[in-house]
Amino acid sequence: MIILSSISPSLKVGLQFLGMWPGNSYSVINWLSFMLSLLIIQYFQYMYIFDHLKINEVSNLLDGLIAALDYSLTIFKLTSLWIHRRTFHKILAAMDNDWRECINIDKHLHEMITKANMSHFICNILLSFTAIAGILYLLSGYVIHFVFSTENYNDTLRQFPLKVQFPFETQQSPIFEVLVATIFVHAMLHSCTVAVLNGLILTLVLHLSGQIDIMCYKFRNISKNTLHKSSVFLFGMLIERHNKIVLFSKNIETLFSFIALMQVIWNTLVICCLGFVIIISIHNETGIIVLIKTVGAYLAIMIEAFVICFAGEYLSLKSKSIAGAIYETLWYDMPSHQSKIIVLVIMRSQKRLTITAGKMIDMSFETFTSIMKASVSYVSVLYAMY
């Protein structure tokens, strides 16, 4: 089956569930209901954190804080996406238009299908890995109690998949079982939401990179038409395509700028907490199981930070290729009025397309390295104090 969309089926289902897909009659209800459920879980998470705000319970405190911060970050992301949903709908409309334009040109269609296959594969990998990491994190507490339970083990030791504290009695059956199932399902939905948002930014960047590759291909073959009258019309089409690429990049920046800023701050804190838990778990009796649980969560959060930094780096590198492709044309053999157009396009393409964190920091491999360095520094300070 030929793929004719950059959005994978799994990503589309996720966006429909979150109420972000255009044309969905229940989008507002979907978004409000999921946001309300996130806020309810958040309330009980922070109740647990405030109740265990003691130095002798630092392990439980950090374990609860990690999940609470991750939930808070997801709330910020979904709120930002909802505020900029019109921009997102414009992006989807532009993507559909790009596919319609390339459907009858084999070279362009091949390039778009290649990028679409790549984005579909990455989205499926992200969903699979995040689901596995979520299951390991949520069920590891029960494994610990199963392995290290004593003969006098009783209902008071029963725990929920997440560190939450309810203002009512929860240990009696069937209330406990219902709450466990509800929290587990909701936490898995939250994990899949994180994967959907990560897959979305990569999908948009890969689609844009496909358009950049098509533009570069056209510029490299423009010399064949320089002596024909149609070359002026061709230049106009290429400039229009370049304008669309710049506008598409600005819309991505608008959509993810605040998300990137919050992710830099939140991921630094979460990675710091996870690193500290990994260090102190080595000296505990249940260290091996806690280590497996924490390492899985650590990798998931690190991938979440890496994805948006990779997207920004990849977009910047692709934008540089436009100037290179234009310079490779035989501009020195063109008439003066055409070569002047080429110079203007080169000057404009020298301004990199990128994704920034709050329009302050470019998302790149350098930013990812800074996040990891800052996290390690904070972990060393916390461990020295502990």
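Okay, let's start with a question: is Lys-318 buried or exposed? Keep that one in mind while we walk over to it. One thing before we do: what you're looking at is a predicted model.

So, salt bridges. Side chains of opposite charge can pair when their charged atoms come close. Searching the whole structure turns up 8 salt bridges, and I'd like to follow a few that connect up.

Begin at Glu-111, which pairs with Lys-115, their closest N and O atoms sitting 2.9 Å apart. Both belong to helix H5, and because they are 4 residues apart there, about one helical turn separates them. Glu-111 has 17% relative accessibility, so it counts as buried. Lys-115 is buried too, at 8%.

Now Lys-115 has another partner, Asp-213, again at 2.9 Å from N to O. Asp-213 comes out at 17% relative accessibility, which means it counts as buried.

And Asp-213 goes on to bridge Lys-318, with the closest N and O atoms 2.7 Å apart. That's another link between distant parts of the chain, from helix H6 to helix H8, residues 287-327, with the two partners 105 residues apart. Back to our opening question, then: Lys-318 is buried, because its relative accessible area is 18% and the cut-off for buried is under 20%.

The contact involves Phe-34, Ser-37, Leu-38 and Ile-41 on the H2 side, and His-186, Leu-189, His-190 and Thr-193 on the H6 side. The crossing of H2 and H6 is left-handed.

Leu-189 from that list shows up again elsewhere: with Phe-17 and Val-185, Leu-189 makes a nonpolar surface patch of about 240 Å² accessible area together. Leu-189 itself is partly exposed, at 33% relative accessible area.

Most residues other than glycine have a negative phi, and most peptide bonds are trans. Here, the bond from Ser-173 to Pro-174 is cis, with omega near 0 degrees, and Pro-174 lies in the loop between helices H5 and H6. Then there's Lys-359, not a glycine, with a positive phi near 60 degrees. You'll find Lys-359 in the loop between strands S1 and S2, and at 61% relative accessibility, Lys-359 counts as exposed.

Definitions and conventions: Residues numbered from 1 in each chain as written. Predicted model: local features only at pLDDT ≥ 70, side-chain atom pairs only at ≥ 80, totals over all residues. Heavy atoms only, no water. Patch = residues over 30% accessible without salt bridge, like charges linked within 9 Å, V, L, I, M, F, W, Y side chains within 5 Å. Areas by Shrake-Rupley, 256 points an atom, 1.4 Å probe, with all protein chains shown as cover. Salt bridge = Lys/Arg side-chain N within 4 Å of Asp/Glu carboxyl O. Buried < 20%, exposed > 50% of the residue type's maximum accessible area, 1.4 Å probe, protein only. Left-handed = near helix turned anticlockwise from the far one by under 90°. Helix = DSSP H or I, 4+ residues; strand = E, 2+ residues; numbered from the N terminus. Contact = heavy atoms within 4.5 Å.
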